[in-house]
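Me: I have a model open and would like to learn how to read its features. Could you walk me through it?

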Amino acid sequence: MNWIEEFDTEKEKPLDRFVNGISNTAIFRRIAFIGDSLSSGEIEVVDGDGKHRFYDFYEYSWGQYIARKNGIKAYNFSKGGMSAKHYMEVFADQNDLWDPEKACQAYVLALGLNDLNEKASCPVPVGSLQDVDVVDYKNNKPTFMGFYASIISRYKEIQPEAKFFLVTFPHTDGDEAHQQKTKKHSKALYELAQVFENTYVIDLYQYGPYYDSEFKKRFFLNGHMNASGYIFTANMIDAYIDYLIRHNPHEFLYVPLIGNIKF
């Protein structure tokens, strides 16, 4: 076989192929998925009187699909309606998510929809890098970037060599205001990946599919994904992490030592 073509094709893009069988994501033996309803396998149903009901089924979340496929111990640090603000101010403390016993070798962050949604209970502005103090997160400003960066910093205190994967919004249909918000969110994640070591962007906006009406007809149930949609997302995230590892092999050489041996 030509192993170079198999593992590092020069013109390959992150989502050119899904991985059949075990992927390089499996080098992480403990991984946490930090997110909102879409990270929690949330199923949205409409009852007889037209009321929408929401249920988090973590076993259907894309993170747990990735974990089962690759034999990984995975944590869902997520809940429907989650925002970076709520995670940092309330949720993580209430659920003991800073516990060193739950330290992971990798963290996948998929937050922002509820922070930047003007209809949410406590929307915040995107902010900028000026809101981020990488030395002391307690100085961060109360913006999306400030809260999001605080989450990264806090977990870096717990597991300094951990890898972080920041997930952009996908490319969905919507008005110009929505598209601009999506682009600002993506730009913010790329900027954070530049200032934090061991941090990468999973860019679903640029490389993922377009979530148009046909896509939603196949992979959505009401306003959230259906079970097949979460499997599809799992395949995307898994393939993207696999791609990043294959194309940056020297940055992942010491992953087995994270949390086991100081280096």
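This is a predicted model: local features need pLDDT of at least 70, side-chain atom pairs count only at pLDDT 80 or more; totals for chains, interfaces and linings use all residues.

Me: What is the volume of the largest pocket?

Reply: A pocket is an open set of points on a 1 Å grid over the protein atoms alone, where a 1.4 Å probe fits, with protein on both sides within 12 Å along at least five of seven lines; lining residues have an atom within 4 Å of a point. Points are joined across faces, edges and corners, and the volume is the space filled by probe spheres set on them. Here the largest pocket has about 1,200 Å³. Its lining has 48 residues, and Asp-36, Leu-38, Leu-113, Phe-169 and His-178 are the closest to the centre.

Me: Which element gives the largest share of that lining?

Reply: Elements are DSSP runs numbered from the N terminus: helices (H or I) have at least four residues, strands (E) at least two. In this pocket H6 gives the largest share, six residues.

Me: Which residues touch the most other members of the largest nonpolar core?

Reply: In soluble globular proteins, nonpolar side chains tend to be buried together. A nonpolar core is a set of buried Ala, Val, Leu, Ile, Met, Phe, Trp, Tyr and Cys residues joined through side-chain atoms within 4.5 Å; buried is under 20% relative accessible area, exposed over 50%, partly exposed in between (1.4 Å probe, protein chains only). Of the 40 members here, Ile-34, Tyr-87, Tyr-107, Leu-109, Tyr-148, Ile-151 and Tyr-155 touch the most others. Helix H5 (144–158) is among the suppliers, and H5 gives the most, eight residues. Apart from this core lies another, of 37 residues, including Leu-15 and Phe-219.

Me: Is Arg-246 buried or exposed?

Reply: Arg-246, in helix H9, is buried, at 9% relative accessible area. Its side chain makes a polar contact (N or O atoms within 3.5 Å, one able to donate a hydrogen and the other to accept it; residues adjacent in sequence count only if both atoms are side-chain atoms) with the side chain of Glu-12, at 2.7 Å.

Me: Where does Asp-96 lie, and what is its phi?

Reply: Most residues other than glycine have a negative phi. Asp-96, in the loop between H3 and E5, has a positive phi near 55°, and is partly exposed at 44%.

Definitions and conventions:
Residues are numbered from 1 along each chain as its sequence is written. Side-chain values use heavy atoms; hydrogens and water are left out.
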